[in-house]
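This report goes through one protein structure, from single residues to the core, the sheet and the pocket. Please keep the sequence and the model at hand while reading.

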Amino acid sequence: MSGYGFLMDLRTCIGCHSCQAACAEEKALANGEWFRRVLHLEPEDQKQYVGAFSMGCNHCEDPVCVKACQNGAMVRDEEKGVVLHDGKKCIGCGACTWACPYGAVSISEETGKAHKCDSCIERRQAGFPPACVAACPVGSLKFGKLSEFEEEGAAPLSLDFLPEEDVTRPSVRIIRRAL
């Protein structure tokens, strides 16, 4: 287990998109490019959960994007607990984008290479939370030790519109809203 990841409290997310906008601004993404997306789920979309859900790279413990990358541009840094992308090694083939079942990797229109969330690693190393976490006005999104989130009652990421948790072992925990 990586030890670190995101917590998404589904009970309190208001779907305001502040996390999505802060991420795009922090990473200077081109108009229409997103590393984090807020989904608004309706009853007909799925059965387990209705409401807003913020989704970015899950920094999986068994990342299929890393397995798909033939150039070693996508790597799992166990010490930092994240999946990182090296733009210098990337050839823009898109294999990682096709492999990721969460849609968390995309090809930059500007560079023609893959890019993705790095959990604001530089901010975290400087002692600040990821931009998406800092921007959440109600504290629904957090980054930290997965074991601490689990002690608070969070569970592995498991919603019926996502792949089974054991496919990639995402480093995300959720607190569910009662239906």
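H59 is buried, with a relative accessible area of 1%; buried means under 20% relative accessible area, exposed over 50%, and partly exposed in between, with a 1.4 Å probe and protein chains only. The residue sits in the loop between β3 and α2. Although H59 is not a glycine, its phi is positive, at about 45 degrees. Element names follow DSSP runs, numbered from the N terminus: helices are H or I runs of at least four residues, and strands are E runs of at least two.

The model is predicted, so local features need pLDDT of at least 70 and side-chain atom pairs count only at pLDDT 80 or more, while totals for chains, interfaces and linings use all residues. Residues are numbered from 1 along each chain as its sequence is written, and side-chain values use heavy atoms, with hydrogens and water left out.

A28 is another non-glycine residue with a positive phi, here about 50 degrees. A28 comes after α1, in the loop between α1 and β2. With a relative accessible area of 65%, A28 is exposed.

**Salt bridges**

A search of the whole structure gives eight salt bridges. The term stands for a side-chain nitrogen of Lys or Arg within 4 Å of a carboxyl oxygen of Asp or Glu.

R123 belongs to helix α4 (residues 121-125) and E26 to helix α1 (residues 18-26), so the pair ties together parts that are 97 residues apart in sequence. R123 is partly exposed, at 22% relative accessibility, and E26 is partly exposed at 37% relative accessibility.

R169 counts as partly exposed at 35% relative accessibility, whereas E61 counts as buried at 15%.

E78 is partly exposed, with a relative accessible area of 47%.

In soluble globular proteins, nonpolar side chains tend to be buried together. In this model the largest nonpolar core has 39 residues, and F53, L141 and I174 have the most contacts inside it. Such a core is a set of buried Ala, Val, Leu, Ile, Met, Phe, Trp, Tyr and Cys residues joined through side-chain atoms within 4.5 Å. Two or more residues of this core come from each of β1 (4-9), α1, β2 (37-41), β3, α5 (131-135), β8 (141-145) and β10. Another core, of five residues, lies apart from it and includes L7, L146, F149 and I175.

Leaving out residues up to four places away in sequence, F53 touches a set of residues including M8, L10, V38, L39, L157, F161 and I174, where contact means heavy atoms within 4.5 Å.

In α1, the buried residues are C19, Q20, A22, C23 and A24. These buried residues pack against β2, β3, α5 and β8.

**Sheet**

Four strands form an open sheet with mixed pairing, in the order β8-β1-β10-β9. Two strands pair if DSSP finds at least two bridges between them. β8 and β9 are the edge strands, each pairing on one side only. β1 and β10 run in the parallel sense and pair over four bridges. D9 stands opposite I175 in β10.

**Largest pocket**

The largest pocket has a volume of about 430 Å³. A pocket is found on a 1 Å grid over the protein atoms alone, as an open set of points where a 1.4 Å probe fits, with protein on both sides within 12 Å along at least five of seven lines; lining residues have an atom within 4 Å of a point. Grid points are joined across faces, edges and corners, and the volume is the space filled by probe spheres set on the points.

Of the 21 residues that line the largest pocket, K27, F35, H85, H115 and K116 are the closest to its centre. β5 (82-85), β7 (114-115) and α4 each supply at least two lining residues. β5 gives the largest share, three residues.
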